[in-house]
Structure formats: structure tokens, C-alpha cells
Amino acid sequence: MMDGLAPLLAVNPVPWARAQMAFTLAFHIILVPLGVSWAAMTLIANYRGVKHGDSDALRLAQRWSKYMAVTFAVGAVTGTVLSFEFGLLWPRFMGQWGEAFGVPFAFEGLFFFTEAIFIAIYIFGWRRLRPWTHWWTGVPVVLAGILGSVSVVAANAWMNAPQGFTLDDSGRIASVDPVSVIFNPSMPLQAAHMVIAAYVVGGFLVASVYAAGMLRGRRDRYHRIGFIIAFSVAAVAIPVELAVGDSLARWVYNNQPVKFAAIELVPTTSSDVPETILGRLNDDGTVSGGIPIPGLASWLSNPSEGRATVVQGLDTVPADERPTVRQVNIVHLAWDVMMGLGTLLFLVALWYGASWAFRRDMPQSRWFLRIAASTGVLSVITMEAGWIVTEVGRQPWIVYNYMKVEDAATSNTGVWITFIAVVVLYLALGITTILVLRAMSRRFRLQDGDFEDHDVPYGPQTPIGTDTTPPEPIRKRS
Amino acid sequence: MSTVVAAALLLAIVLYAVFAGADFGAGFWDLFAGGARRGEEPREVIARAIGPVWEANHVWLIFIFVVLWTAFPEAYASIWLTLFVPFTIAALGIVLRGAGFAFRKTVTRTRYRRLLGAAFAIPSVIVPYCMGAVAGAVASGRVPAGGRAGDPVNSWINPTSTIGGVLAVAVTAYLASVYLVHDAGRLGDDTMVEYFRRRAVSAATVTGIVSIAGIFVFAADATYLASGLTSRALPVVALSVVCGTSSLVLLMRNTHRAARLSAVAAVAAIVVAWGVAQWDYILPETLTIDQAAAPAGTLGALAVATVLLVVIVVPSFALLYRLDQRGLLPEEGVDDTTIGTSAPR
């Protein structure tokens, strides 16, 4: 019996390790935009509230900070799981490359500390800190959120463009230049692309909730301000995101030609490469289906040479050093999804901007609100697709041209069990998070119109500030 | 340089133990606070005490991992390959307890509060046990060098790991109860001061007994550790005994402030004693700190990060704790007081 079970339990860990890493990252990356950009939106509302005495904006800011407390906690614990997974799933990667790859994380740690400390001060400080003091305690959260994601992306970018180390004869790292590890060539554009994406996705996610509320007839000032702040942040960010993404694609063309060939579905090196929308690569190396736009991929890769630009094909590297046909198709489809939805979101932002420019107000039509209500989910899908492009496009490498994923994974054969456990736990976590946020929102609505004096932020102005004054005793629930 | 980074790593473990450890211990007391009605008051003190600080305290763990994988990658690979199971349990437990704690305060129904409370409290006991078992595995030399996996079961289910795990749970509960005496006092709740004081006395006693038992177990099961504890680490061990005993006496005599300081010193000394006892090995008797260390460039970057930590993060922490202790961070947002009392109209 046990002899029969043993091989059953001993499953090759590599595909499971990849699945678990992909799943936990895909989950965590949804919380990242909220952690990075929601604090900034909250500070905008808070600023309006304090500077202009806008009580709706103030109420919005303090409620957002309460939702943020929940999403930040979930982001903190799911982020911790990722740091466990470096060891649980990729110990051989860390064992060989930790001294270089790990460097950006040392600085990420600093920023995460700063973020966690000041978000606590901000969230818990509403009642008793002075208004502007309180506002300023939110600023480090915004800065640390940006710099923290830059640090993490720097590590990921290093996997795409490894440098800043020398190897000895046995292939081990002999020396490290931490500055060139962090500021690797892929880092500036990749980091900018992710940080701005955080503002795009965070803005659309928050705005979509208020758009849905307005569709249900809650067209009060509170919902309007909530929508305008969040949607404006996203609408300002998305053109920048498109421009940065364009530069990043060109960087990939120049530096990760195989990834670029997968993106553009280019089996053999040629010029005048079409931009194929949808379509798929077949096992025999031909491309079928899809709508080819003649020469566009070449033209976009280098506009100065136009359609004559040569794009390197997948067949320029051996089959075991490039993504498989299936992976190529995933990368290409994810690319199309990112481009398609990204363009759509840009057009929605344009609509919004035009309405402000010509009518001095946000669009009022129900169609706009319906689309706006869906931008949250759409922008998350766009971001996930972009992340799939960069990760699957790097396969089979974990460190581009230095180490393959299969050589990096753990030898523990029980990863399939932890994968199932993680999926079950995260599904429960995701569902509970949504239920909790909805319940909070429902309760806030019931409370509206039920504000007592002591519920106003920054009140009451009772003399405190002495160590001897005990805070009010614990409220007894009856 | 490797010595400096190893010392920074040990210091980070000390800070994780005395700050985040107490947050885990708070979960221990939450678990054993009794039914919904009887446990309401202590749970409220616990929620208020760790609410603003637990996430920031938790980051020390991330920092420990980062220093370990960056500065000592070979040892890191060996440790994680070997101790896959306890680390997996700890990771899942950390998700459950963090989410459970954050969610619990947003719900009002007893049924949900109980469920989420269990999600917070049960892993709060299991996670420190796993961490202690991991420490025991390393300290007893069960993790081989060379980025290889040791025994996946025996490495963490063995006498030293058992003592390590039990000691970790006892220490966290001990620290938490001592802190909670202070927090209950800050909230002006004398009943709860006495409640946690009694528990602090028990926890201090249990921690002392487990530590003494540990010495005998180590002598048989972890000889290198034991010889270190009785030689170069002996002054630190003695300091821990003195501080632990005096915190017990101070607790019994109701001198809470001094009791808190000596409890922190006692726990810090336990962690430092472990580090000094297995010096200069990172994996006892197979891999020294010097052999395991990353190249100078990496260690330099970590030293810079550590200096920045002292310059930026430590003052920020000081600010957080100071505001918290002065009661300036009473609760999230402002309108919690109406939750539950406002009826739909």
C-alpha cells in the first residue's frame, strides 16, 4: 500500500512550484495597486477636506483609510507568503543568485517598514492627531509605496537583465556590484511601468465602485467626489502608462529578442513583420489565424527604419532556450489582451477628459457609468496580462541566459499538496476580503445621516497630550 | 564584514522576537480567553494593544529572510530545502492570523467574530512553534551545508526542535502578557491589569521551566549548542536567568514597568545566547559564517541598508510606539463608535 502511494505522492515539483508562484503572485498583484495608489487618493480627499472644509471629502478619506486597513493587511500577509516562497519553491535559485538578486529586497524591506509604520499612524490617527500633522503622516506611505514597488520590480528586472556580478570557474558568484544589480538596464522602464500601472488600476478599481453606486441611484456629492478623485488619477496615469509601455516594448525588442518574438508571434527572423492580432503559433512553426496588420510590428519596433526593421525570430535560439509553442501562444494572447484593454481604458479616460474640457463636468450618461463601473475589473485583467507577458516570455529562464526555472526549483516533492492548500486558503481569503469590504460599505451607508459630533474627524478638541490623561475606557458592548 | 552582517541578523531576530513575538503571544491569550462573553474584555485589550503595531512589527521577519538569503545564500538554500514543512505551515499560519485579525474588527456578529478570532488565535500559537522548531533544527546541526536538503521529518521533529518550539510559544505568551498588563493599565482597566498579571506570572514560570529542561535536552541532543551555552554564551545565559527571575519577582510585587523591561531583556538574552552559542557557525559544525558569506559588495549593500534602517526606520518606530503609548492612535477612522449601535432607519 505504502509502496503504491509513495510514487503517487512524489510528484515532480517544478510545474507545481511554477503554478503556486504564479497563483500567489497573481493574487498579490491585485492588492499592490491599492497599497501603492489608494493612500495617494486618500490624501487628495483628505487635503480637500481639511483645506476647503469639505466634509464629504473628509468622510471619504477616513472611510477609504478604513478599507485600506483591510486591503493593506491582506497585502502584507500575501506579500509575506511570497517571501516564504523564495525559499519554499526556489531555494536553489536563491542559493546560487541570492547575493545579487537579494540586494534590492534589502531596500524594499526599508520601504515596507516605513509604509507599515506610517499607514498605522495615519489609519489610527484620525481622532487625535491635529489635521495637518495627520495629513503629513500619510505622505511617507505614498513615497514608501512607490519606492518599495520600484525595489521589488528592480529584482524582477534583474531576472530579465542580470548584471552586476562576476562568476568564478565553478559558476558561483565571485563578486557583486550592488549598484548595477539594482539599476540594471531593465529596471527604469519596468519599474515605471508597474508604479504607473498601480495608479491606473488603483484609480479604476476605486472609481468603479462609486460608478456602480451612482448607477444604483446614489448620485449624491459623496459618491461624485469619490468617483472623480479616483477616476481622475487613473485617467491622468493611463496616457503616461501607454507611453512608458511603448518604450518598454522597444527595450524588449533590443534586449530580449526571444521574448519579443513570442509577443509578436515571429517564428523566423524577417523584416516587414506584421502585427498579428490574435492568431496562434503551430507546432510546425507556422502562424495561423488572426488578423495581420502588414508591417506594423516592424514599424513599431523602430519607427525610423519603418517596415524594413528586422525582427529576430524564435528559431534563432535552440528550442530548449526559448518558450515552448504553448508558452508563446500564452504570451501573445496576453499581449493582445493587455494592448486591447489598455487602449479601451485609454479611450474611456479620453471620453472623461473631453467631457471635462468641453462641458466642465464628468460624463453623466448611464453608458459612461456602466463602462466606468467595469474599468476596475478590466484594468486588473490588463495588469495581469502584462505580468504574464513579462514572466512567461522569459521562459525557460529564471535568470535570463544564466539559469533555467527547472534548475531553480525545490526538490521537495510535496509542492502539489502545498499548491492545493494555498489555492483553497487564498480563495477563502479573497472571498472573505470582498465580503468584509462590502459589509463595511453597507454599514457606512446605514450610518449616513447618523453622525454625532464626536464622529467628526479631528474632534473632539479636548485637551489631551499629557501622559497622565487616560484614553476613554474600553467601550462595553451591550 | 560577515561578522557585522551576522550580528545585524541576530539583532533583527531579537527585535522580531520581542516585538512581533508579543503579537503572536497576544493571539495565544486570545485563544485561551474563554467564550464570547467571558473573553470579550481581554480580547478588546488585545485588539487595541496590537492593532496599530502588528503589521510594522511583522516586517522584521521579512528583513530576517532578506538578510539571510542575500548574505548567506548557501545556508539559506539548505535551511529552506530541509525545513520545507514547518516553513509552509508558518506561511499559511501567517496569512490566516493576519487576515483573521484584520477582518475580525470589521465584523459585529458573534458567530463571525468567533470564526475570525480562531483564524487569528490558533495560528498565533502554531507559527511560533514552527519558528522555534526551525531554530532548533539549525542549532542542533540537522541542516547540512552545501545547499542540500537534510531529513525532511527528523530535522524538525526532534528533541531540540520540540524544546525550541515550546520555548518560542512560552516566550511569546510571556512577553505578551507582560505587555498587556501595561496596555490594560493604559486603557484604565484595573480588572484586566490583574487578569494579565496573573497570566504573566504563570507564563514566566513556565518559560523558566522549559528553559531549564532545554539545557538538559541540548546536552544530549545538540552538543555543540550545549557546549557553547555553558562556555562563551554563559554570561548571556546568566543575564537571561537574572532578568527572567527578576521580572517574575517584579510582577508578583506589582512593579509593572520594571517587570516589562526585565522581561524584554530576558527574552533578548535567550536569542542572543543561541547566536553566541553556535558562533562562529551559521550551520553548526558544517558551515561557518565566514564560509557562507556573500561577496563584499553584497555585504556592503546590506550594511548600507542596515544603517538606513537605523536612521529612517528606528525613529519611525519610535514615533509609532510613542504616539500609541500616549493614546493618540485610539482606533481606526473615527466612527467605529456608532457601529453596532446605529440601527437601519
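**Entry 1. Confidence**

For chain B I noted a mean pLDDT of 88, with 96% of its residues at 70 or more. Where pLDDT is low, the predicted coordinates should not be read in detail.

**Entry 2. The build of chain B**

I counted the elements of chain B and recorded 13 helices and 2 strands. The radius of gyration of chain B is 20 Å, close to the 20 Å that the globule rule gives for 345 residues, so chain B is as compact as a globular protein of that length. Its C-alpha trace spans about 70 × 40 × 40 Å along the principal axes. Of the 345 residues in chain B, 63% are buried.

**Entry 3. Where the chains touch**

I turned to the contact between the chains, where 76 residues of chain A meet 72 residues of chain B. On the side of chain A that touches chain B, the elements giving two or more residues are α3 (55-89), α4 (91-101), α5 (103-124), β2 and α15 (415-447) of chain A. Among these, α3(A) gives the most, with 18 residues. I recorded the make-up of that side of chain A as 44 nonpolar, 19 polar and 13 charged residues.

**Entry 4. The nonpolar core**

The largest nonpolar core has 296 residues, and those with the most contacts inside it are A:A234, B:L180, B:V267 and B:A273. I noted that α3(A) gives the most to this core, with 19 residues. I then followed B:L180: leaving aside neighbours within four places in sequence, B:L180 is in contact with B:A26, B:W29, B:V45, B:I46, B:A49 and B:F196.

**Entry 5. A hairpin in chain A**

In chain A I examined strand β1 (residues 165-167) and strand β2 (residues 173-176), which run antiparallel and are joined by 3 bridges. A:T166 stands opposite A:S175 in β2(A). The two strands, β1(A) and β2(A), form a hairpin with 5 residues between them. In the turn, A:G171 has a positive phi of about 85°.

**Entry 6. Cis peptide bonds**

I looked up two cis peptide bonds. In chain A, the bond from A:Q395 to A:P396 is cis, with omega near 0°. A:P396 is in the loop between α13 (366-392) and β7 (397-399) of chain A. In chain B, a cis bond joins B:W279 and B:D280, with omega about -5°. B:D280 is in the loop between α11 (256-277) and β1 (281-283) of chain B.

**Entry 7. Positive phi outside glycine**

I ended with backbone angles. A:N401 is not a glycine, yet it has a positive phi of about 70°. I placed A:N401 in the loop between β7 and β8 (403-404) of chain A. A:N401 is exposed, because 12 other C-beta atoms lie within 10 Å and exposure is assigned at 12 or fewer.

B:E285 likewise is not a glycine and has a positive phi of about 70°. I found B:E285 in the loop between β1 and β2 (287-288) of chain B. B:E285 is exposed, with 12 other C-beta atoms within 10 Å.

Note on methods: Residues are numbered from 1 along each chain as its sequence is written. Chains are lettered from A and ligands numbered from 1 in the order in which they are written. This is a predicted model: local features need pLDDT of at least 70, side-chain atom pairs count only at pLDDT 80 or more; totals for chains, interfaces and linings use all residues. Helices (H or I, at least four residues) and strands (E, at least two) are DSSP runs, numbered from the N terminus. The radius of gyration is taken over C-alpha atoms; the globule rule is 2.2 Å times the number of residues to the power 0.38. A residue is buried if 20 or more other C-beta atoms lie within 10 Å of its own, exposed if 12 or fewer, and partly exposed in between; C-beta atoms are placed from the backbone. Two strands pair if DSSP finds at least two bridges between them. pLDDT is the predictor's confidence in each residue, from 0 to 100. Two residues are in contact if their C-beta atoms, placed from the backbone, lie within 7 Å. Ala, Val, Leu, Ile, Met, Phe, Trp, Tyr, Cys and Pro count as nonpolar, Asp, Glu, Lys and Arg as charged, and the others, Gly among them, as polar. A nonpolar core is a set of buried Ala, Val, Leu, Ile, Met, Phe, Trp, Tyr and Cys residues joined through C-beta atoms within 7 Å.
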